[in-house]
Each structure stands twice: as C-alpha cells, then as structure tokens.
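Biologist: I'd like to learn how to read a protein model. Could you walk me through it?

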Amino acid sequence: MRVLGVDPGLTRCGLGVVDGLSGRRARLVAVGVARSDPDLDVDQRLLAIATSIDAWLEEHAPDAVAVERVFAQHNVRTVMGTAQVAGIAMLAAARRRIPVALHTPSEVKAAVTGSGRADKPQVQAMVTRLLALTEVPKPADAADALAIAICHLWRPAGTLGGPQRAPGSLTPAQLAWARAEQSARRGSR
C-alpha cells in the first residue's frame, strides 16, 4: 500500500509518501513541503497549497491519503488555516476517489514511537530509523507527514470512521485491515 501523509499547515504543509512493505516495514518514496507566501491573501495561499497537493497525488498515485486531524489550539488563526488546508487535502483525494483517513497527533506519535506523548525529536528520530534514512527529514513538517503515513500503514482504522466508499474502492490490504478492525471491535464489546 502507498500512503500520502499530510501534515496540514498554511505556510508549510508537510507531504510524505511511504510504501508499506512486508513484515511491517516501510520505504520512503518522497518527502517535501508545499509552501505558501504569508504576504498573499488566504485564497491565493490555499490555491498554492492545493496545486502542490494535486501534483503530489498525480505523481505518486497513493492508495490512501492520511491527514493529521486538526485539534484545538489557542491561536484561532492558526487552527483555521490548518483546518482549511486539511480540507483541501481531503477534497483533492475525494475527487480522485482515494480513501482518506484522519489520525490524531497522539495516535501518530503512539504508532511511530510507542508513546502518544513523544516529543518532535523522538518522532523525527523514529521516522529516520523506520525508513532507514541517513538523516532526519527537514523541515519538521516533512518528518511529521512521513509519521502520519507510517501511522496509517500500521493503523488504517481512520478510514473506517470516514464516509464509506463505493464497493471495490478500497485496496485488498485496506479491506483486510478494515475487516480485522471491525472484528476486533465486535469481540471487545
């Protein structure tokens, strides 16, 4: 399975593409950031980010898009921009009928480091190790996008909470995970 991870941000939107391999391993495909100029009006900034996301989707053809779930922050302006960019990423994927998942920051941290309270340097170090990279991806938004993609490879349950897709639109791996997650939930009730 190939996953595009998106760490939404209006100035810098982290983008990371990871392929899932056998034995719970992952391989880096691409990593970077989509940028927008803070001096532009918000609509133009969103257009710049959307254009970049569209290009990444076309170039890398992911099986799923995993977006960090926007959480409450004290700075309303920051959370608004982050939410707008998350929406753009979800819309771009939906237009291509690519399943979308949302993962919380603590869920991503737990999947990658084993602790939902890990700090950024711990997440960056584990992403570097898990993908067998020689150096930490920069900026931090890029490393976060890779962490989101890795989280989705290992915990794809985020797709279950979203709108259901047409039959056959999930990959065989996603269907197997979804069935296993549903079975586990039913068994724990």
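Biologist: How are helix 3 and helix 5 oriented to each other?

Modeller: Two packed helices are described by the angle between their axes and the distance between the axes. Axes are lines fitted to C-alpha atoms, for helices over the stretch in contact, and angles run from 0 to 180 degrees between N-to-C directions. Here helix 3 (residues 105-113) and helix 5 (residues 140-154) pack at about 75°, and their axes are 9 Å apart. The two are therefore roughly perpendicular; angles under 35 degrees count as roughly parallel, over 145 as roughly antiparallel, 65 to 115 as roughly perpendicular and the rest as oblique.

Biologist: Which residues make that contact?

Modeller: Contact means heavy atoms within 4.5 Å. Helix 3 brings Glu107, Val108, Ala111 and Val112, while helix 5 brings Ala147, Ile148, Ile150, Cys151 and Trp154. Sorted by class, that's eight nonpolar, no polar and one charged residues. Ala, Val, Leu, Ile, Met, Phe, Trp, Tyr, Cys and Pro count as nonpolar, Asp, Glu, Lys and Arg as charged, and the others, Gly among them, as polar.

Biologist: Before we go on, what sort of model is this, and what counts as a helix?

Modeller: This is a predicted model: local features need pLDDT of at least 70, side-chain atom pairs count only at pLDDT 80 or more, and totals for chains, interfaces and linings use all residues. Residues are numbered from 1 along each chain as its sequence is written, and side-chain values use heavy atoms, with hydrogens and water left out. Helices (H or I, at least four residues) and strands (E, at least two) are DSSP runs, numbered from the N terminus.

Biologist: At what angle does helix 3 pack with helix 4?

Modeller: With helix 4 (residues 120-130) the angle is about 50°, and the axes are 9 Å apart. That makes helix 3 oblique to helix 4. On the helix 3 side you'll find Lys109, Val112 and Thr113, and on the helix 4 side Gln122, Val123, Met126, Val127 and Leu130. This contact has five nonpolar, two polar and one charged residues.

Biologist: How can I check the length of helix 2?

Modeller: The expected span of a helix is 1.5 Å times one less than its number of residues. Helix 2 (residues 76-95) has 20 residues, so it should span 28 Å, and its end C-alpha atoms are 28 Å apart, which agrees.

Biologist: Which residues of helix 2 are buried?

Modeller: Buried means under 20% relative accessible area, exposed over 50%, partly exposed in between (1.4 Å probe, protein chains only). In helix 2, the buried ones include Val79, Gly81, Val85 and Ile88. The buried residues of this helix pack against strand 1 (2-7), strand 2 (12-21), helix 1 (42-60), strand 4 (64-68) and strand 5 (100-103).

Biologist: Is Ala142 buried or exposed?

Modeller: Ala142, in helix 5, is buried, with a relative accessible area of 0%. Leaving out residues up to four places away in sequence, Ala142 touches Gly14, Val31, Gly32 and Val33. The C-alpha atoms of Ala142 and Gly14 are separated by 4.3 Å, though these residues are 128 residues apart along the chain.

Biologist: What about backbone angles? Where is there a cis peptide bond?

Modeller: Look between Lys138 and Pro139, where omega is about -10°. Pro139 sits in the loop between helix 4 and helix 5. Now check phi: Arg97 isn't a glycine, yet its phi is positive, about 60°. You'll find Arg97 in the loop between helix 2 and strand 5.
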